[in-house]
Amino acid sequence: MRVVLDPHGRVPATRQVFTDGAAPTLWVVGAGSEDGRAAADATAGTGVDVLVLPDTAAFAPRRLVHELARRGLGRVLVEGGGVTVSRFLHEGALDRLYVTVAPVLIGDGVPGLAFPGPDVMRDALRPPVRRAFLGEDTLFELDLCAPQSGEPLDGEHGGTGEGGGEGE
């Protein structure tokens with residue numbers, strides 16, 4: 001099931017995600033949004049289910065994951081921009097984090113991840129990691145539920161970030 005988070009009801013009902021019929025879709029909107037109230041009418045009979053949350057606080061990642069679990073969605077893939085993914089990371093609402101790094105320099109822009117990290121490197125999160133190559137890109141899978149041993153997953157090469165004095 002695809003879940004579209006739209007707290008302010010800004011996504012037009014004509015978007016392909018609501019009209020292509022490729023997968024059941026849940027459109028999560030906020031109660032205070034005028035367009036959100038009209039979402040159910042706009043998508044009637046299209047296979048899109050609309051969930052109206054009572055307020056913007058209901059969009060907090062942990063609350064949202066709980067609400068989706070109540071609907072039978074026990075595994076959720078959050079595919080979003082830096083702000084959305086950062087909110088889930090900051091609240092500890094992620095079990096795994098997938099980060100793709102591409103050899104493309106685009107200059108200033110919105111950061112991919114932003115959360116209050118530690119003051120020194122030695123206190124940084126070092127979850128077990130699995131790495132896959134996707135052409136020139138590299139996908140990192142970070143297991144955020146595993147004990148923070150810093151050990152690689154499945155025998156992946158360790159040793160990154162272990163330079164001397166790095167924690168200072």
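Which residues form a nonpolar patch on the surface? Here are some friendly notes on that and on a few other features.

1. **Ground rules.** This is a predicted model, in which local features need pLDDT of at least 70 and side-chain atom pairs count only at pLDDT 80 or more, while totals for chains, interfaces and linings use all residues. Residues are numbered from 1 along each chain as its sequence is written, and side-chain values use heavy atoms, with hydrogens and water left out.

2. **The patch.** Leu113, Phe115 and Leu125 form the nonpolar surface patch, and together they have about 270 Å² of accessible area. Accessible areas come from the Shrake-Rupley method with a 1.4 Å probe, and for residues only the protein chains shown count as cover. Patches take residues with over 30% relative accessible area and no salt bridge; like charges are joined within 9 Å, and nonpolar side chains (Val, Leu, Ile, Met, Phe, Trp, Tyr) within 5 Å. Leu113 sits in the loop between strand E4 (96-101) and strand E5 (129-134). Its relative accessibility is 34%, so Leu113 counts as partly exposed; the cut-offs are under 20% for buried, over 50% for exposed and partly exposed in between (1.4 Å probe, protein chains only).

3. **Overall layout.** The protein has four helices and six strands, arranged along the sequence as β-α-β-α-β-α-α-β-β-β. Helices (H or I, at least four residues) and strands (E, at least two) are DSSP runs, numbered from the N terminus. Of the 168 residues, 26% are buried.

4. **The sheet.** Three strands make an open, antiparallel sheet in the order E4-E6-E5. E4 and E5 are the edge strands, each pairing on one side only. Strands count as paired if DSSP finds at least two bridges between them. Six bridges connect E4 and E6, with Val99 opposite Phe140 of E6. Six bridges also join E5 to E6 (residues 137-143), where Val129 has Leu142 as its bridge partner. The hairpin of E5 and E6 has two residues between the strands, and Gly135 takes a positive phi near 65 degrees there.

5. **A buried leucine.** Where is Leu26? Leu26 belongs to strand E2 (residues 25-30), and it counts as buried because its relative accessible area is 0%. Val3 is 23 residues away from Leu26 in sequence, yet their C-alpha atoms are 4.7 Å apart. Beyond neighbours within four places in sequence, the contacts of Leu26 (heavy atoms within 4.5 Å) include Val3, Val50, Leu51 and Leu68.

6. **Salt bridges.** The whole structure holds six salt bridges, each defined as a side-chain nitrogen of Lys or Arg within 4 Å of a carboxyl oxygen of Asp or Glu. One of them pairs Arg2 with Asp20 (2.7 Å, N to O). Arg2 lies in strand E1 (residues 2-6) and Asp20 in the loop between helix H1 (16-19) and E2, so this pair ties together parts 18 residues apart in sequence. Another joins Arg71 to Asp49 at 3.1 Å, N to O. Arg71 is in the loop between helix H3 (61-70) and helix H4 (82-90) and Asp49 is in strand E3 (residues 48-53), so parts 22 residues apart in sequence are tied together.

7. Glu141 is buried at 11% relative accessibility, whereas Arg130 is partly exposed at 30%. Salt bridges that share partners join Arg96, Arg130, Glu141 and Asp143 into one network.
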